[in-house]
Amino acid sequence: MSEDKNFKGGQGQVVEAETFRDSVGTMDQTGKRKWIFPKKPQGRYTNYRTLVAVILLALFFAIPFVKINGNPFLLINILDRQFFILGQPFFPQDFFILALGAITSIVFIILFTVVFGRIFCGWICPQTIFLEMIFRKIDYLIEGDRNKQMKLDRQEWDAEKIWKRSLKYFIFLVISLIITHWMFMYIVGYKEVFHIMEEGPFENFSNFMVMIIFTAAFYFTFAWFREQVCTLVCPYGRLQGVLIDKQTINVYYDFKRGENRSKWRKGEDRAAEGKGDCIDCNQCVVVCPTGIDIRDGQQLECVNCTACIDACDEVMVKVGLPKGLIRYATEDEIEKEVPFKFTGRMKAYTAVLLLMVGFLGYLLSNRGAMEAKFIKPAGSTYFVRDGNITNIYNYTFLNKATKDQLVTIKVIEPEHGKIKLSGDEKILLKKDEITKGTVNISFPEKEIQLSKQKIKIGVYDGSGKLLDSFDTYFEGPFKIQF
């Protein structure tokens with residue numbers, strides 16, 4: 001049976017995308033799921049995408065084990081409020097920096113989409129990487145290419161279909177479990193994950209259940225939901241509809257060159273007969289992982305995966321026509337033959353992005369090696385002894401440096417302030433930790449003229465460098481001024 005017929009199988013209705021040109025690629029006009037069996041792509045862009053995917057997957061599996069100055073390269077532990085980005089610790093006090101970083105990322109996504117469309121979706125998105133470069137590869141390995149998959153889907157549940165589907169879904173489950181464990185390494189660290197695995201599910205039942213839930217979510221997404229994440233759920237796919245204009249680079253079909261479509265006949269003069277270069281072979285349709293026909297124009301379901309470009313170029317070479325009937329281009333380039341240009345909107349987004357990146361870099365570089373606070377205990381007051389007025393303060397030091405350090409406390413303003421600690425004069429601060437304690441600060445009575453006088457306390461490292469300072473107040477006896 002040929003591929004341009006309609007079939008019905010156990011996983012849904014299998015149809016060619018061009019049958020329903022007015023419907024979503026993965027759904028027919030009645031809203032019923034159309035199971036997509038894309039043909040295995042091959043070509044220049046597919047090779048590039050495979051290389052990018054291998055690099056990204058290698059980074060995904062390697063980063064949890066990478067450390068910088070003893071800190072994880074990337075750790076997002078929300079439960080324990082531990083955040084490490086590029087080996088730098090971030091604490092709740094630095095949340096505003098993370099928030100600014102998130103806003104900067106959004107602006108970058110907007111700018112990137114305005115200029116390059118959905119290239120992110122087809123080349124970098126984790127959903128695409130895992131689906132097309134891992135799970136879809138297993139489909140091809142076990143069930144074969146498009147025709148064999150469609151044939152297997154149509155046939156009865158015989159021995160061949162049972163063992164192939166069972167093997168495939170078992171491998172999907174194992175891969176989903178591996179992905180879940182690696183995702184947890186980005187949250188609690190690889191040592192904790194290995195520790196949980198050694199202790200077993202009964203010792204860590206709550207963690208075990210969380211992993212089961214996430215494994216089930218990954219399995220459901222990549223074994224069944226698949227491309228519908230991109231076409232129905234992903235908000236970025238809808239955002240592009242607002243951001244993309246006629247100057248945006250996208251995967252486009254050159255309709256001026258391709259129309260009128262007509263089947264290929266050897267030796268014919270297509271230009272003389274008023275025929276376009278598109279030979280209506282539908283290869284751009286059968287390789288599409290979201291089931292659309294790129295010849296119908298730009299569509300929200302297109303993830304810019306370039307499979308249609310490779311398929312069309314291969315056909316053009318075989319029939320002796322120029323490649324590039326489907327290519328990366330702008331709508332103006334296709335319609336008006338106007339070359340790409342950096343528009344005013346793109347320049348505005350770029351300027352805003354550069355300003356935000358510069359400000360974010362400034363905050364990161366001036367974050368300081370530590371943060372100090374001196375707070376008077378609630379209900380405490382001063383006391384006078386041997387001609388000195390003394391106040392008690394609770395100090396909190398947050399060491400943001402990548403190493404332990406010894407610090408000393410000194411009064412900056414006013415002068416003649418004396419520091420008395422319960423222990424040594426120097427305080428040891430562990431890296432990435434909060435240190436708390438109590439300190440007595442005294443002034444000669446003549447130095448305190450007000451009942452509440454402002455003072456500044458500084459924290460210095462071993463070389464005498466000021467790490468941080470804190471403004472507070474010092475209580476003394478009330479004096480009537482004449």
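Guide: The model is a predicted one. A lining residue is one with an atom within 4 Å of a cavity point, and helices are DSSP runs of at least four residues, numbered from the N terminus.

Visitor: Which element gives the most residues to the lining of the largest cavity?
Guide: The largest cavity has a volume of about 140 Å³. It is lined by 15 residues, and Pro41, Arg49, Glu132, Met133 and Tyr140 are the closest to its centre. With 5 residues, the element that gives the most is α4.

Visitor: How many of the residues in that lining are charged?
Guide: Asp, Glu, Lys and Arg count as charged. The lining of the largest cavity divides into 8 nonpolar and 2 polar residues, and the charged ones number 5.

Visitor: How are α1 and α6 oriented to each other, parallel, perpendicular or oblique?
Guide: The axes of α1 (residues 44–62) and α6 (residues 159–188) come within 9 Å and cross at roughly 60°. Angles from 65 to 115 degrees count as roughly perpendicular, and those under 35 degrees as roughly parallel. The two helices, α1 and α6, are therefore oblique.

Visitor: Into which class do the residues of the contact of α1 with α6 fall?
Guide: From α1, the contact is made by Leu59, Phe60 and Phe61, and from α6 by Ile178, Ile179, Trp182, Met183 and Tyr186. No polar and no charged residues are found in this contact, and its 8 residues are nonpolar.

Methods: Residues are numbered from 1 along each chain as its sequence is written. This is a predicted model: local features need pLDDT of at least 70, side-chain atom pairs count only at pLDDT 80 or more; totals for chains, interfaces and linings use all residues. Side-chain values use heavy atoms; hydrogens and water are left out. Axes are lines fitted to C-alpha atoms, for helices over the stretch in contact, and angles run from 0 to 180 degrees between N-to-C directions. Angles under 35 degrees count as roughly parallel, over 145 as roughly antiparallel, 65 to 115 as roughly perpendicular and the rest as oblique. Contact means heavy atoms within 4.5 Å. On a 1 Å grid over the protein atoms alone, a cavity is a set of points where a 1.4 Å probe fits but cannot get out, and a pocket is an open set with protein on both sides within 12 Å along at least five of seven lines; lining residues have an atom within 4 Å of a point. Grid points are joined across faces, edges and corners, and a volume is the space filled by probe spheres set on the points.
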